[in-house]
Amino acid sequence: MKVALIGVGQAGGNVTERLARFDADMGFEAVQGALAVNSAEADLESLQFVETQLIGADRVNGHGVGADNELGTEVMQSDIQQVLDGLDGRVTSKAEAVFVVAGLGGGTGSGGAPVLVHHLQQIYDIPVYALGILPGRNEGALYQANAGRSLKTLLREADSTLLIDNDAWHEQGESIESAFETINERIAKRVGLLFAAGEAVNGVGESVVDSSEVINTLRAGGVAALGYATEVASEDSGENITNTMSVARQALLTGTSLPDATTADSALLVIAGRPDAIPRKGVERARRWLEDETESMQVRGGDFPMDSDRLGALVLLGGAERSDRIEAFMERAREAKDAQEAGATDHAKELADDRLENLF
Ligand code: GDP
């Protein structure tokens, strides 16, 4: 699927850069253009592979909006024309979809991405998707509340919102900050392969997946999730039937960007590997298993032929918002918002201790 990418904010820019680099390194040519937009100049300066656009300079002078996502919304609204002009020529006639990429817990991306999606929808006929990064469980209440509002608005504006939970794709025990590198690399590889499915085919066949299947799966709207797993392919075709089932199971049950999301309106199973290592029987069996697991009658399947000694499975879910993880996240976001609204604490009063005397 040929895509144009626009990263908003720090996470959005970093992930967009990684995606553009992965696509170029692999020679897939699925990424047709990549732009990073931010109100913080320093964050843009660290990017090398994408075009950059500073917004909100008159309001925040290149220093960013902090974690104030309402200000993020305002600066994107004020400078929207500049951003859209900067996209001219990047969303070429070749792009089949636009992805707006952002961390939902911060300020610029959280507040700006929904505004940008809204305006892109007015201009382009191709689908406009969001790729949103959810804050991990241990990130503060402000991040949770910001992400809740941003997600709600994105769900209203975008054709589908692919969510990556910051707790999902890194090792246990690693702090979130040191995990960013790992997470971004994994997002780049997994989402990058999804974009490339149907682009960089080393063999043509009826069963090869193409972009329309990705778009049809995302047509369910709402929340999308992506799962991924690989295993060494066997020389034995019978064993590869078992391996195909096994990678598909791992991709959905343990390798997903949104832990616990299994119920969906639609799904796409892409099996990647050497054409002779992809068993038809295994793919069909895995596809039927996915129908049962997702409780969806709309499960598509296809191959991604590539020169590799591994078998990989990518599972894309569409309409996956009925998951426990989303429920739990929205609950946390609501609680954080309620706590904010309950008003600021009078810290001096909280520490008032009759047994101590004030100095004066
Ligand atoms: P903004 O620049 O104001 O849009 O704010 P950020 O992009 O820093 O958004 C903060 C949220 O994004 C938090 O939940 C962070 O954990 C997350 N985040 C920031 N940078 C990265 C990154 O490079 N990768 C990932 N995966 N998450 C990030």
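Student: Is Phe99 buried or exposed, and what is its relative accessible area?

Tutor: Good place to start! This is a predicted model, and in it Phe99 has a relative accessible area of 1%. Buried means under 20%, so Phe99 counts as buried.

Student: How do I read a pair of aromatic rings?

Tutor: A pair of aromatic rings is described by two things: the distance of the centres and the angle of the planes. Here the count comes to four aromatic pairs. Take Phe99 and Tyr129: their ring centres are 5.1 Å apart and their planes stand at 50°, so this pair is tilted.

Student: Where do Phe99 and Tyr129 lie in the chain?

Tutor: Phe99 belongs to strand S4 (residues 97–103), while Tyr129 belongs to strand S5 (residues 128–134). The pair therefore ties together parts that are 30 residues apart in sequence. Like Phe99, Tyr129 is buried.

Student: Which aromatic pair does Phe99 form with Phe195, stacked or tilted?

Tutor: A tilted one, with 5.0 Å from centre to centre and 55° between the planes. Phe195 sits in helix H8 (residues 176–196), so this pair links strand S4 to a helix across 96 residues of the chain. Phe195 is buried too, at a relative accessible area of 0%.

Student: Which residues form an aromatic cluster?

Tutor: Phe22, Phe28 and Phe304 form one.

Student: And what sits over the ring of Trp169?

Tutor: That is the charged end of Arg190, which lies 4.7 Å from the centre of the Trp169 ring.

Note on methods. Residues are numbered from 1 along each chain as its sequence is written. This is a predicted model: local features need pLDDT of at least 70, side-chain atom pairs count only at pLDDT 80 or more; totals for chains, interfaces and linings use all residues. Side-chain values use heavy atoms; hydrogens and water are left out. Rings of Phe, Tyr and Trp (its six-membered ring) pair if their centres lie within 6.5 Å; planes under 30 degrees apart count as stacked, over 60 as edge-to-face and the rest as tilted. Helices (H or I, at least four residues) and strands (E, at least two) are DSSP runs, numbered from the N terminus. Buried means under 20% relative accessible area, exposed over 50%, partly exposed in between (1.4 Å probe, protein chains only). A charge sits over a ring if NZ of Lys or CZ of Arg is within 6 Å of the ring centre and within 35 degrees of the ring normal.
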